[in-house]
Amino acid sequence: MRSDSVTAVILAAGEGRRLAPLTNRRPKPMVPVANRPLLEHVVEAVAAAGVDRVVLVVGYEQERIRNHFGDGDDWGATIEYVEQSTQLGTGHAVLQAEPVVDGPFVVLNGDRIVDPEVVTQLCDRAREEDLPAMSVTTAANPRQYGVVTLDGDRVTDIEEKPEGAVETNQINAGVYAFSPAVFDAIRETHATGELAITATLDRLASAEPLSAVRYGGRWLDVSNLWDLLTVNAALIGDDAGAGIDDDALGESVTVAADTALAGNVRIGSNVTIGGSTAVGSNATIEAGAVVDNAVIFPDAVIGAGAVVRDAIVAGNARIGANATVTGGPATVVVGDAVHRGVELGGVVGDNAIVGGGATLADGAVVGDDVEADAGVVIDGRVESGAVVRRG
């Protein structure tokens, strides 16, 4: 069996509520970084590893994914789709692939970017029938992930986001190799709430060998809004300078080397585009604006003289003239969790309008279709569709 005969199942059905408002209209795997969807980076890694059959498990806003990837020809692979109609966990998502998988296969998350190397390693385990197997990497903050206990090259325990102290920095890297026997194992796993694939793996680890594949390459995870800026900066070197058309640039424009400008962007005179910035297709940055460490979605407009730092501006949003997103460390509340010291100047949702001279306080999140008057100060979170009046 050759590595290219191993099917890759990519989990892309999730909504990604912690990334709202960016996921109000698109599934999390379709949120762009470095001007391409997260999922595209994953599919490219799989194709580069020699896998030519991909099954995408889709659900929330799935037409976005189907329309973008089609039959996979553009990526040198055959892409098929199965639906997870209700998002009941990663284990349940894997189970949806059972009708189309009849041999060893690998599983990846559609929102976690890895190098082709780890896909190849797991394909090798599938080819050798050393199954089940899972990738393991190290993390500076292991408690935010699935902490893995190892005995040599065997996984003996997986604990999701432990609350107490941990004695290892080894975590689940989220790439797996299975035989079809895993489908019965998933069905036999009893869990409260969503059924995670790690619940099945933890049960298997206590009963039979679960191989660990150690991986030290690129591992980029997007869990929260500010992670998009970190991952965008890490990936942007792959596409730095891409799409820059001198005819689209006004006079006296400064563009840092580590930027990615998509096609048909319009850049006014005296604009400064700092590093780690991606500007999507058909976006406009008007005269005198400053954009730095930012992700600008397609069709967005940054008004004349605006300053946008450490920010995400979604599709067709407009930042008015002389508006300011100052950037810097912020405190952001996501659900019941308070995150302090994160690098997030602000987020502006799809079709939102931020009036001229307005200011986004550090960490402000403006929902879709918001209309904010000129000169307002926006702090905290503004729900989608709201109108923010001055005074």
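Colleague: Which residues of α1 are buried?
Modeller: The buried residues of α1 are L38, L39, E40, H41, V42, V43, A45 and V46. Buried means under 20% relative accessible area, exposed means over 50%, and partly exposed is in between, with a 1.4 Å probe and protein chains only.

Colleague: What kind of model is this?
Modeller: This is a predicted model, where local features need pLDDT of at least 70, side-chain atom pairs count only at pLDDT 80 or more, and totals for chains, interfaces and linings use all residues. Residues are numbered from 1 along each chain as its sequence is written, and side-chain values use heavy atoms, with hydrogens and water left out.

Colleague: Back to α1. How many of its residues are buried?
Modeller: In helix α1 (residues 38-48), 8 of the 11 residues are buried, so the helix is largely enclosed by the rest of the structure. Helices are DSSP runs of H or I with at least four residues, strands are runs of E with at least two, and both are numbered from the N terminus.

Colleague: What comes just after α1?
Modeller: G50 does, with a positive phi of about 90°.

Colleague: New topic. How many salt bridges are there?
Modeller: The count is 18. A salt bridge here is a side-chain nitrogen of Lys or Arg within 4 Å of a carboxyl oxygen of Asp or Glu.

Colleague: Which residue does D368 meet in a salt bridge?
Modeller: D368 meets R25, at 2.9 Å from N to O. D368 lies in the loop between β30 (364-366) and β31 (371-372), and R25 in the loop between β1 (7-12) and β2 (32-33), so the pair ties together parts that are 343 residues apart in sequence.

Colleague: Is D368 buried or exposed?
Modeller: D368 counts as buried, at 2% relative accessibility. R25 counts as partly exposed, at 30%.

Colleague: And E98, which residue is its salt-bridge partner?
Modeller: R187, with the closest N and O atoms 2.7 Å apart. E98 sits in the loop between α3 (90-95) and β6 (105-109) and R187 in helix α5 (residues 181-187), so this pair ties together parts 89 residues apart in sequence. E98 is partly exposed, at 29% relative accessible area. R187 is partly exposed too, at 42%.

Colleague: What about D221, where is its partner?
Modeller: D221 forms a salt bridge with R112, the closest N and O atoms being 3.0 Å apart. D221 is in strand β13 (residues 219-221) and R112 in strand β7 (residues 112-114), 109 residues apart. Both D221 and R112 are buried.

Colleague: Which residues do shared partners join into one network?
Modeller: R25, D368 and D369.
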